[in-house]
Structure formats: structure tokens, C-alpha cells
Amino acid sequence: MYAVLHPPDFAAQAAAHERPGLRKRPFALLDGEPPEDTVFAANHAARSIGVLVGMTRLQAATFPGLVCLPRVVEHENAAQDTLHTIACSFSPRIECVQDHPATYALDVRGMNTLHGDVSQLANKLRRRVMASGYLVNVAIAQNYHTALCMAYGRTGISVVPPGFEASALGQLPLSVLNLEPSHEEIFHSWGIRTCAELAAISETDLIARIGQAGKRLHALARGESPHLMFPIEPSFEAGLVERMNLDFPVEILESLLFLLSRMTDELLERVRAKARAISSLRVILHLDNGKQHERIVRPALPLQDTPTLLKLLQLDLEAHPPSAAILGLELHGQSAQPHRAQHGLFLPQAPEPGRLEVLLARLRKLLGEQHAGSPELLDDHRPNAFRVVPFGPPPPAKSEPRRLSVPTALRVYRPPQAIGVVLTNGAPSRILWNGLKYLVREIAGPWRVSGQWWTEAGWCREEWDVRLAIDTAECVCRIAFDPRSRCWYVQGTYD
Amino acid sequence: MVVPQRPDCKLSRLSLAALRSAVESPSPLELFTWVTFALFSLILVFMASAARLRLEVEATLANRVPAALSLKVKQSPELFPTGIGQIDRALGGGIPRGSITEISGAASTGKTSFGLATVAAITQTGAACAWVDVSDSLSPESAAAANVVLKRLLWLRATAERKQKVTEKPWSRLEQALKATDLLLQAGGFSAVVLDMSDVLPRHTMRIPLATWYRLRLSAEQARTALIFLTQSPCAGSCAALSLRCQPAETAPFNRNGETALFEQQRYVLTRERNRNESVLHKKPPMRAEWAAETLWTRVR
């Protein structure tokens, strides 16, 4: 059984609800950019004096006593929200009808235990809507389209017993079927005014004259048109929220983890029911000083594992603790398809994704955010230009080793170490470094490098490769001279 | 249960007779001879009893624990090639997996080049590696030049006391690095972990308790990870399965063929000081391998 809730002249009702003084006066709502705005809706009193939808502002102004108002969409949205809430309280399965705003179809099958039989339900529904300040038509029928047509065409409550759809629709005008203008004209020329007259025509003849649309209209007029209901479902992602308010402020993080564990479990249960996993968790802590502390934990791969997620939350909150005691907490989840990987017996060793996440979180806590990750070279001429990206090894795959000579590795000093240099014929001959005097045995250079000279971050230096000797030990270093600061420093040691 | 005839009864009787003779013997020399003979006989008795007892225990527990009291036969470890042919030949294939390999040497002796070449060879097989950098001195450019697959390399940089020189008081950095290494080995999944302590003075590394190295050795064994230490002087002691010493080879002078001198290559010598994976019977003398590392611009030329 379907119950249809249809507020006639919805826009006018919504406007009158906001301005109760207009209820007994003729008024019209104008929509569009002035001066080209036209009448969008009018109340019954305005229509009775001849106001039509689509009239221009000037035409509407010719009617004495007519109040012209601009359309306010926010009022209509507020009214629709009210009706939506009422419809939801009568059935869990509701569908919003596309053609008419704020018209809802409710699946009321099995609701008799809560609201009585269908007549009682229709009365309750109408009274509830009227109590909120709106006038609606309510129709209940076995067939969805029959209930819809009855709600459009009959004022008040209409209950159609099963099997009497055609007779109930018979007296209604054809306009309830939402005809196309061409079909309306055809039926008008044929002298067909009601649904009963349309239903009396042979289906084959109707199809022969107006095509396949005739089949649908014939079924609608007879109350036999099928319908597949698409009930409105709350957004799954928006529902992945857990909130908890505490009776007294909590300062210790460990005690908070018990609550977070329970909340994470709740979220994971919902996510697992949809065969999904959690891709990120957003924790909002409401603090004692009125502020909010927000942290986002985003594992590299979607997880379905409470201990891992909880450990990540714990490590993140320990690394970034809140500034005051906690009064309430919210946990927002985001779901994604779970990670699936094809494992093999002969693949190389690789860290397990779940354990790797926890490991990286621990390492970030120990060393700092930017000190645990994979190096990535930047497309820059500046020596030693790199950035650290989160470590996420690609799936194990063997690559062909390139046979190249072993390069000499440079051990870099961060920051470069300042040194004293004795120059002979413009080249370094002795170096004072860490309080020790080194003799320059061999030298190659200078290699002049510069970049970004067109910006303030420009750099310039002269680099030398030197073999330094002290006593019996030798080492090969790269030293550099910065002409801007007139300073010598060691960039690194070849090792 | 029927107790079988003990085969060492004759020996026991013999030793008792020897003791009796010792008590009855008049001269000290005879007394000493008889006592020595009696003690030797008793030792033989105990050894025979212990062997019999061991067999009985093992037979009883055979269903649950096979060879409960027998020594485990040591398997030769899996080896990771280092990517440097001369060194692989000297080491018999590469560095061992699941053990500690210690590479020691002064500055400019090729430790880092050797470590990067090894990591490159491992990452190219598709495995993941980690580089724990005590002094934050790894050059990503050098790593990329050594063909390390950077996406498979986890680089951990110790951050404490950034204003101080590493050589002054490296305790916090060392502590961070050791903790990070411990975490890596516990998590598992890394084929090789390099603990780079090249810039830490020997007097500091020597003060790390031996228990730390024992713990790391056990963790590496369980995680089947090759743990590589780069140090100035050996510090892990007997925990290191393979101990290598890096030294500079004969100095290759800068190339002066062009208009200006050019640093082209550095020659190194690697000496194998200890390999605990060798059998005692087939122990080889220390082996040396000479190898060279070239600068990047040499490739271009």
C-alpha cells in the first residue's frame, strides 16, 4: 500500500506560512530577474480573481488588491524539510516524487500495528501536517500511480480499496495524469475529459494512434501502471559518525582510548556490513577551554582492523596532544573499498601493510614527521635537492639490474660545516676544520654552479674536490666557497 | 620396568679397586698414580652415563620433540649479493641474511658506497630496505646514482640535538637510531636495515651495551633481515656474523689529462676479518678484495 502526501500550491503555502497575514489576501509569487519576472505561484484567492501562472509583473499589477512578492527558495526548503520529517516518522521507506515539489510517497505496508488501519493512518498523517501549518491531500491505494493521481485530483483524504482503482480514478480529469501538451490537445479534440473515458478506449487503438505513450496512459487511467519504488536512503558516509559527551573533563589519553576503541568498533561494524573498510578517521576533541582539537588519521591502505586503527589514533594523539582536558569527542569515518593483494610464495619480502602503518606512525612519533619516509629527488639544479615523501613501497616486483659502475657516495653535512682556508695562487692549500689543520694534497676545481639568480632565493658557489691529509690519514671532501657571504664550508665527504 | 645391565659397571668396579689400592699403597708416587687412574675411570663412567641418559631422554621425547638434546645443525645462511663483483667473490656470494654484518673503517674508505651498492642490489630484487641515519648525512643523489629504488627505501634521520655536532654528544641520536632499528626489526618485512654510525666516534659506539647488539642480532635473525652496521671501528663484537674492514687502497691521483684536474675515482680495499657462518674445520684466513668507486661525471665522460 502506498500513501501519497501532496501539498497543493506548495510554493504559495510556504510563503503564507512565513507571512501568516497573507493567508486571506490574494497574493502571487514572482520569480526571475526584474523587470522580466513572472508569476511563479499564486494562492487560491488570487487564482479566483484571474491570476495565472506565467503572467508578467505588469499583468499581475493590473489586478486590484493583489500582493506581489518575490519567491524565497529558503522558505520552500524549510517547508519541504518539515514535510520530509513528518513523512519519515510514518514510514521508513519514502520516495520523493520528482514532478511535484514536497510530494512524498510512503510505503505503508505493515504500518497498521503502529498507526491503525489505512483510514486512521491517513487521518493521522493529515492532522500531523496540518498541525505544522500546511494543507495537504492524502491518498492511499494499492497502486502507486493511483494514489498519486488521487492526491493530485482529490482534496482531503482518499482511500482506494484494492481492486477499485479504475473506478476511483474514473471521475478525475485527465490533467492528473501529467499529459504532454500534444496528447492533451489530441484528447481534447477527441472529447475525452476524464480518466474513465480514456480507460474505455481500446488499448490497441490508442497505441495505434498516439504510439507507445498510449499504453502507459491507458494503464495509468485504469490504475494498473506498475512502479518500482526507490526509497530515500540516508547517506552512508554521512552516517559514519560517533559522538560522545563526557560527564567530567578527562586529561589522560589512555582512559580516552577505551572510548575511542568502542567508537571505532561501532564504525567498523557498520563499514563491514557494507563490505568496505575505513580509509580515514577524523577525531574531534571538544576541550575544556571551549576550543576544538582535530586530528585526521589516514592509513595508506583502507583498514578493517580495530587494533591497528586504534594504535594509529593513539600514536597520532600522543604526537599531537590536545591543549586542555577533553569534554567530548567525535569520530568521523570515511569508507573505501578494502585493499586486496595477490600474494605469492616466491615474491620478495615486503612489510605487511597494517603493521607498516603502525611502524611508520611510531617512527614519526620518535623522529618527527619529516624524518621518516622515502627520499624523492626534485627537478632542480641545486645540489642535494630532495623532499621526503611517505614510505609506500610499490608491490614487490623484480626489476632488471642495471650494470653500471659503483659510484662514490657523498656523505653530506647538514648544515654545511664552516672551515678556514689558506689560499695559494687562488686555490686552497691548507684547511682548518674542527680545530685540525689539513694539508691539501690534491685539488680539482673550481666548479662554478648557480641557480635561481632571478629570484631572492638565488644561490651561487664555487665547488672544489680536495684530498686532505693529516698525519697518516687522508680523506676526499667537497668544499665550497660562497661568493655572497665570502665563506668557505665543507659540503660533504666522499666515502 | 626391567633395568638392563649397565655397561659401565666394570669401569665403576675398576675405579673403586683403584681407590682401594691407593688407600693401601705406601709410597706417595703410587698413591698419586692410583688416584689419577681412579679419577680418570670415574670421569669415563660419568660420560658413559650421561650419553646413555641423553639417549633415554631423546627416545622418550621423540614423539613430541625430535632430537631434544642434540645440537642443531647450522644451515648455511641465505646471502644477498652486494652488487660489487670483487667483494661478492671474496665473501662467497654476499652478505648473510638474518645476521649482523659490520663494516668498519675511517672516513673515505668506501663504507657508504658499499652500503648503497648493497641496498641497491636488494631493492632491485623488489624487496624493501631501511637506512637509519644517525648523523643525517645520506645523500639521496648518491643513492639514486647507485641505482637504489628510492620508493623501496625507508630513510630514517635521527633528529635530536641538531645544533650540536654529531661527534660531540651523540647519545640522543644514537638512542633514537637504536630504537628505530629495534622497531624496524620487530615489525619485519625489510630485507636489509643499514644502521649508519659512520660519523660517530669509536669512543661513543664502544659504550653501547653489548646486550643491545645481542637483542638486535636475535631480532634480525627472527625477521630474516640483513642488519648492516657502518662504523669507524668494530663495536658489535661477537654479535656480528660477518666483520669487514674498509681501508683505502693505493691512492689514485686526480686525473690531469684535461685542462684542469678531475677527481674520477677512489680505490678501496675490503678485508674480511671474521665470518661466523664458516665451519670451524674449514676456516679461511682473512681475505682481501680491492674495488673502485667512480664519480658520476666519469660515467658522463
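Author: Two residues are in contact if their C-beta atoms, placed from the backbone, lie within 7 Å. Leaving aside residues up to four places away in sequence, B:V119 touches B:C129, B:W131, B:V148, B:L153, B:A192 and B:V194. The model is a predicted one, in which local features need pLDDT of at least 70 and side-chain atom pairs count only at pLDDT 80 or more, while totals for chains, interfaces and linings use all residues. Residues are numbered from 1 along each chain as its sequence is written, and chains are lettered from A and ligands numbered from 1 in the order in which they are written.

The sheet comes next. Helices (H or I, at least four residues) and strands (E, at least two) are DSSP runs, numbered from the N terminus, and two strands pair if DSSP finds at least two bridges between them. An open sheet of 10 strands, with mixed pairing, runs in the order β14(A)-β13(A)-β5(B)-β4(B)-β6(B)-β7(B)-β3(B)-β8(B)-β9(B)-β10(B). At its edges stand β14 of chain A and β10 of chain B, each with a single partner strand, so one side of each is left without a neighbour in the sheet. Direction ignored, neighbouring strands of this sheet are turned by 25° against each other on average; angles run from 0 to 180 degrees between N-to-C directions, and axes are lines fitted to C-alpha atoms, for helices over the stretch in contact.

Within chain B, strands β3 (residues 100–104) and β7 (residues 226–231) run parallel and are joined by five bridges; B:E102 stands opposite B:F229 in β7(B). Two helices pack on the sheet. α15(A) touches β13 of chain A together with β5 of chain B, and its direction makes about 85° with that of β13(A). α6(B) touches β4 (128–133), β5 and β6 of chain B, its direction making about 175° with that of β6(B).

These helices also pack on each other: α15 (residues 353–367) of chain A and α6 (residues 171–187) of chain B meet at an angle of about 175°, with their axes 10 Å apart. The residues of the contact divide into eight nonpolar, one polar and three charged. Here Ala, Val, Leu, Ile, Met, Phe, Trp, Tyr, Cys and Pro count as nonpolar, Asp, Glu, Lys and Arg as charged, and the others, Gly among them, as polar.

The largest nonpolar core has 122 residues, and those with the most contacts inside it are B:V119, B:C129, B:A192 and B:V193. α15(A) gives the most to this core, with eight residues. Such a core is a set of buried Ala, Val, Leu, Ile, Met, Phe, Trp, Tyr and Cys residues joined through C-beta atoms within 7 Å. A residue is buried if 20 or more other C-beta atoms, placed from the backbone, lie within 10 Å of its own, exposed if 12 or fewer, and partly exposed in between.

In the loop between β13 (372–377) and β14 (386–389) of chain A lies A:D380, which counts as exposed with 11 C-beta neighbours inside 10 Å.
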